[in-house]
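Welcome, and thanks for taking a look at this model with us. Please load the sequence and coordinates, and then walk through the notes below.

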Amino acid sequence: MIKRLFRNYFELVFWITAMLCLAFTPPQATSHFTLCPLKLMGITWCPGCGLGHSIIYLFHGQIRNSFHAHWLGIPAVLVIFHRIYVLSSLRFFSAKKPKLAQ
């Protein structure tokens, strides 16, 4: 049963949690830890760096700063919210609900 719950709801819970964490992070916070493999290898330029800050700025209404942090921040939020909507509608609002216990 736990495997089925994990398989059916992990991605939905992951995206919602990620968006909430970014929404409650103050924009002036500096990052001390990174998961970026390029930064960990010592490469200073990364195409994805700044995306998190861009999303944080967007959630705090600072659209200009969001665009300057990373220009894909706004489209990324739209894509993630669309994914949350699709996963939610599949799990909760569809006529054929997934069976959790078999």
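## Overall fold

The protein chain has five helices and zero strands, where helices (H or I, at least four residues) and strands (E, at least two) are DSSP runs numbered from the N terminus. Read from the N terminus on, the elements go α-α-α-α-α.

Before going further, a word on the source: this is a predicted model, in which local features need pLDDT of at least 70, side-chain atom pairs count only at pLDDT 80 or more, and totals for chains, interfaces and linings use all residues. Residues are numbered from 1 along each chain as its sequence is written, and side-chain values use heavy atoms, with hydrogens and water left out.

## Burial and surface

Of the 102 residues in the protein chain, 20% count as buried. Here buried means under 20% relative accessible area, exposed means over 50%, and partly exposed is in between (1.4 Å probe, protein chains only). The protein chain exposes about 7900 Å², and carbon and sulfur atoms supply 70% of that area; accessible areas come from the Shrake-Rupley method with a 1.4 Å probe, and for residues only the protein chains shown count as cover.

As for contacts (heavy atoms within 4.5 Å), 54% of those in the protein chain between residues at least 6 apart in sequence join residues at least 24 apart.

## A phenylalanine patch

On the surface, F6, F10 and F14 form a nonpolar patch with about 330 Å² of accessible area together. F6 lies in helix α1, residues 2-23, and counts as exposed because its relative accessibility is 51%.

## Cysteines without disulfides

How many disulfides does a search of the whole structure find? The search finds zero, a disulfide being a pair of cysteine sulfur atoms within 2.5 Å. The closest cysteine sulfur to that of C46 belongs to C36 and is 3.5 Å away, so it is too far for a bond. C49 is in no disulfide either, with the nearest cysteine sulfur, that of C46, 3.6 Å away. C46 counts as buried at 14% relative accessibility, whereas C49 counts as partly exposed at 30%.

H70 sits in the loop between α4 (63-69) and α5 (73-93). Is H70 buried or exposed? H70 counts as buried, because its relative accessibility is 9%.

The side chain of H70 reaches the backbone oxygen of P47 at 2.7 Å. Leaving aside residues up to four places away in sequence, H70 touches P47, G48, C49, G50, L51 and S54.

Notes
A polar contact is a pair of N or O atoms within 3.5 Å; within protein, one must be able to donate a hydrogen and the other to accept it, and residues adjacent in sequence count only if both atoms are side-chain atoms. Patches are made of residues with over 30% relative accessible area and no salt bridge: like charges are joined within 9 Å, nonpolar side chains (Val, Leu, Ile, Met, Phe, Trp, Tyr) within 5 Å. A salt bridge is a side-chain nitrogen of Lys or Arg within 4 Å of a carboxyl oxygen of Asp or Glu.
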